[in-house]
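This note is intended for a colleague who is meeting the structure for the first time. Please read the numbered points with the model open.

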Amino acid sequence: MALVLALALPALALPALASAVGPISIPLERKVAPLGDISKTYYVGHLLVGSAPQRLQVGFETASGSLVLDSTRCNSPACLHHRRYAESAGAQHLNRAGGVVRTSEQAALSVDYNEDGPASGVVVGDMMRDTVCLAEGLCAEVGFLAAKNMTDDPFLALPVDGLVGLSLEGLSISRTFNFLSCWTHLPQRFALFLPAQGPGEITFGGYKSSRALSKISYVPVEDPQQGFWQVRVKAVYVGNDSLDFCNGGCRAILDSSSSHITVPTEVLPLMQQKLTVKAAKGWLSEQPLCERAQGPSLTFELEGVNVTLDAKDYSALEGHRCVPQLHPWDVEERQSTATRREGERVVTAGVHLKSLILGEPLLRKYYTIFDAQPQPRVGFAEARELSDEIILMQSSLSHKTAEEL
C-alpha cells in the first residue's frame, strides 16, 4: 500500500479536448518497479506543469493525498534520475494553509509501501502552486510539493517524475494541496480502467459507460474525513463460506498502487488455506497458466452489491506456482497508518482494525468510479475486456473525450 502522509516542518501525448470543460481521459501505461526483493506496479500517465508547460510522467495513486514532483531544487540521486519540475514565472510559494508567502513552507511526506515489505522513504520539499494541465485547454492552479531532497529507497527505482495523490482531503496537507479539489470547473470524480492486458485509462470529471460491462452500483465511503476511499464490507466469502473475521462488518480501502489484496495478519493463514488454486501448464512452457486458474471464488459483500474475484483474478505466478495475491497487514501497521506530524505535534490516526486493502486484483476486474461530491461514494461495474483489435486501436481512441454522466 502506498500511503503519502503529510508531515509539516519549520512518450504518450496528452489528449486534446473537444471543449474547454468536460470529462477527459488520460492513457495509462502499466510499469513495474523493482523494490528490493519485490516488484511494485504503477499506472503511469502524463501531466503538463507550469506556465511554460513541462511534460512530466506521473503515477496515479488513490491512497495518497498530494501531488509530489521531483524538482530542479533537488540534487538527490533519485531526483537526478528523473525529469525535474522547474519553477515557472507564474509559480507561487505557499504555506500549509495555502496562503501565498515569500518563502515556501516546507513539508515532509512519508511514502510507505508496507503491503509489500520494508520499502519506504521520505521526501522533503517546498509547498508551491503552479498551473497543471490534464489536457490542452483543461488546466488548474494546483498546490503540490516540489521536492528538495528524497531518500534513494524507494524513489530511485520509481518509473515516474512524480506521484499524483487522488485521495479525499483527509490525507492531504490541506485542501489547497488536494488534487481533486483544485479542479473547480470539473466534477470531483474520476474513473479507473486497468485491464490485465493492454493500456489502461483514467478519466477525470466523469466516466466512460463503454468501459462498463454491467450496471454501475454505488457504495458510500465510510468515514470520508479520514481521506481514504474506503467502503463498508458486510461479509467476506470464500466460495459459499463466510469468514469469521468480518462478522459484524469490516472495511476495505481501494488502493490503485497496491499489487495485492492485503488482509489482517491474523486471518491470512485461513485465507491461504481456503484459496487453493490449480492451473494447467502451457503447451510450450512448464509454467502454469494463471490466467486460466481454477479455485474458489472470493466475494466481498458491500452495501447493495457483491464484488467477486475468481481464481484467475486473484492469482499470479510466483516461481512455478499460481499463488493467491494476498499480503499480511499486522496490527501495528493498521494502528499507525496515516499518523502524521504537524509541527511538534504528532496526530495519531490508524485505520479500523478490521480493514482490508483491495488493490490491483479487484481494480483490474471492476471499472471503478471515485465520486467525491456531494457525498463521497465509489461505483463498481464489471469492466469490459479489451480484444486484441481494440488494443491496437487504443492510441487513436484515447483522444476522444469521455461521456458525461
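1. A charge is taken to sit over a ring if NZ of Lys or CZ of Arg is within 6 Å of the ring centre and within 35 degrees of the ring normal. Arg 377 lies over the face of Tyr 218, at 3.7 Å from the ring centre. Arg 211 is placed over the face of Phe 193, with 4.3 Å to the ring centre.

2. The model is predicted: local features need pLDDT of at least 70, side-chain atom pairs count only at pLDDT 80 or more, and totals for chains, interfaces and linings use all residues. Residues are numbered from 1 along each chain as its sequence is written, and side-chain values use heavy atoms, with hydrogens and water left out.

3. The protein chain contains 7 helices and 28 strands; these are DSSP runs numbered from the N terminus, helices being H or I of at least four residues and strands E of at least two. Of its 405 residues, 56% are buried (buried means under 20% relative accessible area, exposed over 50%, partly exposed in between, with a 1.4 Å probe and protein chains only). The chain exposes about 16700 Å², of which carbon and sulfur atoms supply 51%; the areas come from the Shrake-Rupley method with a 1.4 Å probe, and for residues only the protein chains shown count as cover.

4. The hairpin of E19 and E20 has 4 residues between the strands, and in it Gly 304 takes a positive phi near 85°.

5. In a regular strand the side chains alternate between the two faces of the sheet.

6. How many aromatic pairs does a search of the whole structure find? The search finds 9, rings of Phe, Tyr and Trp (its six-membered ring) being paired if their centres lie within 6.5 Å, with planes under 30 degrees apart counted as stacked, over 60 as edge-to-face and the rest as tilted. The pair of Phe 179 and Phe 204 is tilted, because the ring centres are 6.1 Å apart and the planes stand at 55°. Phe 179 lies in the loop between strand E10 (162–165) and strand E11 (189–193) and Phe 204 in strand E12 (residues 200–204), so the pair ties together parts 25 residues apart in sequence. Phe 179 and Phe 204 are both buried.

7. Phe 190 and Trp 229 form an edge-to-face pair, 6.0 Å centre to centre with 85° between the planes. Phe 190 belongs to strand E11 and Trp 229 to the loop between strand E13 (217–220) and strand E14 (230–233), 39 residues apart. Both residues, Phe 190 and Trp 229, are buried. Ring pairs link Phe 60, Phe 179, Trp 183, Phe 190, Phe 204, Trp 229 and Phe 370 into a cluster.

8. Gln 188 is found in the loop between E10 and E11. Its relative accessibility is 11%, so Gln 188 counts as buried. Leaving aside neighbours within four places in sequence, the residues in contact with Gln 188 include Arg 175, Leu 180, Phe 370 and Asp 371, contact meaning heavy atoms within 4.5 Å.

Notes: Two strands pair if DSSP finds at least two bridges between them.
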